[in-house]
Amino acid sequence: MLDVVALRALQQVHARGTLARAAESLGFTPSAVSQQIKRLERQVGVTLIAPAGRGVVLTPAGRALVDSSSDVFATLEAARNAARSVAEGAAEGAVEIVAFSTAIRGLLAPVLQQLRRQHPRLELRIGEEDPARALQLVDTGLMDIALVHDADGAPLPMSRSLRHTQVHVDVGDVAVPAAHPLAARESLSSGDLRDQVWVTSPPGTVCHDWFRHLFAWTDIPEVRHSADDFSTQMALVAEGDVFALVPRLARPQPPPGVVLRPLSDPPSREVRAVWRSSSDASPGIRAVIAAVTPAQSAAP
């Protein structure tokens with residue numbers, strides 16, 4: 001029979017690219033991970049990893065073993081969660097959550113006290129990662145739940161072992177200098193804004209993509225400043241010479257001299273909770289997803 005711990009080590013070497021990084025993620029030493037993989041190679045009877053620069057790669061046999069291991073871990077996890085759910089459905093133990101920064105501030109942080117009151121034996125551990133990396137961490141079993149947003153309006157690719165549900169829709173509003181004539185409008189369109197000067201998030205961010213899409217049918221306005229922090233953007237808006245496009249999720253309070261106006265056709269992004277289908281029965285995961293879902297809807 002294959003050693004499940006060693007199989008997990010091989011999976012993490014594949015995900016991380018080096019023995020040292022795999023060891024760090026598993027809480028082992030690199031030597032211990034190396035020994036586990038050697039033990040697995042003896043059990044299988046073939047070489048599973050090979051050197052590649054400063055790291056290692058899986059051999060074709062190693063890759064085939066990892067590709068077929070997801071069903072093994074899914075079965076084990078389903079068995080564990082079934083046992084937990086039988087115990088009166090109590091949400092207890094550790095739940096590892098990974099999310100992008102504004103989801104942590106705007107969706108997770110506001111429900112932590114509620115979850116502590118309702119489930120005092122539940123322990124939440126939260127880490128920050130971008131959506132693509134967060135999906136990989138959940139898919140490989142290093143995290144239990146990911147909060148991710150769609151990139152540029154296109155859903156993130158997910159493996160068949162993952163399930164997901166929408167928990168939030170985020171939209172962008174325009175930060176306008178309070179003394180500007182457009183501040184008197186109830187809502188604004190891209191046509192109202194194309195002659196203004198802007199501060200935007202850096203290229204490659206969702207909000208920069210929002211800005212470009214806002215002016216997809218016209219010339220891109222002048223961008224005078226670039227800042228990733230929305231408090232910084234609004235501080236520049238308060239000086240009276242630039243506009244900013246700011247998401248509502250976890251948005252800081254605007255300073256004096258800044259008003260926020262909705263767009264007639266606002267850019268938006270869906271925020272989804274993602275978990276492994278094998279953990280559907282986990283009371284802890286169900287409790288977290290219910291807490292961050294609008295109207296406290298029933299879990300997945």
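Predicted model: local features only at pLDDT ≥ 70, side-chain atom pairs only at ≥ 80, totals over all residues.
**Entry 1: the whole chain**

I began with the overall picture. I found 11 helices and 11 strands in the chain. The C-alpha atoms fill a box of roughly 75 × 50 × 30 Å along the principal axes. Of the 300 residues, 42% are buried. I also looked at contacts between residues at least 6 apart in sequence, and 70% of them join residues at least 24 apart. The chain exposes about 15000 Å², and carbon and sulfur atoms supply 52% of that area.

**Entry 2: charges and salt bridges**

Next I turned to the charged side chains. I noted 29 positive and 32 negative ones, and the centres of the two sets lie 7 Å apart. Side chains of opposite charge can pair when their charged atoms come close. My search of the whole structure gave 12 salt bridges.

One of them joins D173 and R251, at 2.9 Å from N to O. D173 sits in strand β6 (residues 162-177) and R251 in the loop between β9 (244-247) and β10 (258-261), so this pair ties together parts that are 78 residues apart in sequence. Are these two partners buried or partly exposed? D173 is buried because its relative accessible area is 4%, under the 20% cut-off. R251 is partly exposed, with 24%.

I then checked E123, which forms a salt bridge with R125; their closest N and O atoms are 3.0 Å apart. E123 is partly exposed at 39% relative accessibility, and R125 is partly exposed at 38%.

**Entry 3: aromatic rings**

How many aromatic pairs does a search of the whole structure find? I got four. W198 and F215 form an edge-to-face pair, 5.7 Å centre to centre with 75° between the planes. W198 lies in strand β7 (residues 198-200), and F215 in the loop between α9 (206-214) and β8 (223-226), so the pair ties together parts that are 17 residues apart in sequence. Both W198 and F215 are buried.

F215 has another partner in my notes: F211 and F215 also pair edge-to-face, 5.4 Å centre to centre with 70° between the planes. F211 is buried, as is F215. Putting the names together, I recorded one aromatic cluster formed by W198, F211, F215 and F243.

Technical notes
Residues numbered from 1 in each chain as written. Heavy atoms only, no water. Phe/Tyr/Trp six-rings, centres within 6.5 Å; stacked < 30°, edge-to-face > 60°. Helix = DSSP H or I, 4+ residues; strand = E, 2+ residues; numbered from the N terminus. Buried < 20%, exposed > 50% of the residue type's maximum accessible area, 1.4 Å probe, protein only. Contact = heavy atoms within 4.5 Å. Areas by Shrake-Rupley, 256 points an atom, 1.4 Å probe, with all protein chains shown as cover. Lys, Arg positive; Asp, Glu negative; His and termini not counted. Charge placed at Lys NZ, Arg CZ, Asp CG, Glu CD. Salt bridge = Lys/Arg side-chain N within 4 Å of Asp/Glu carboxyl O.
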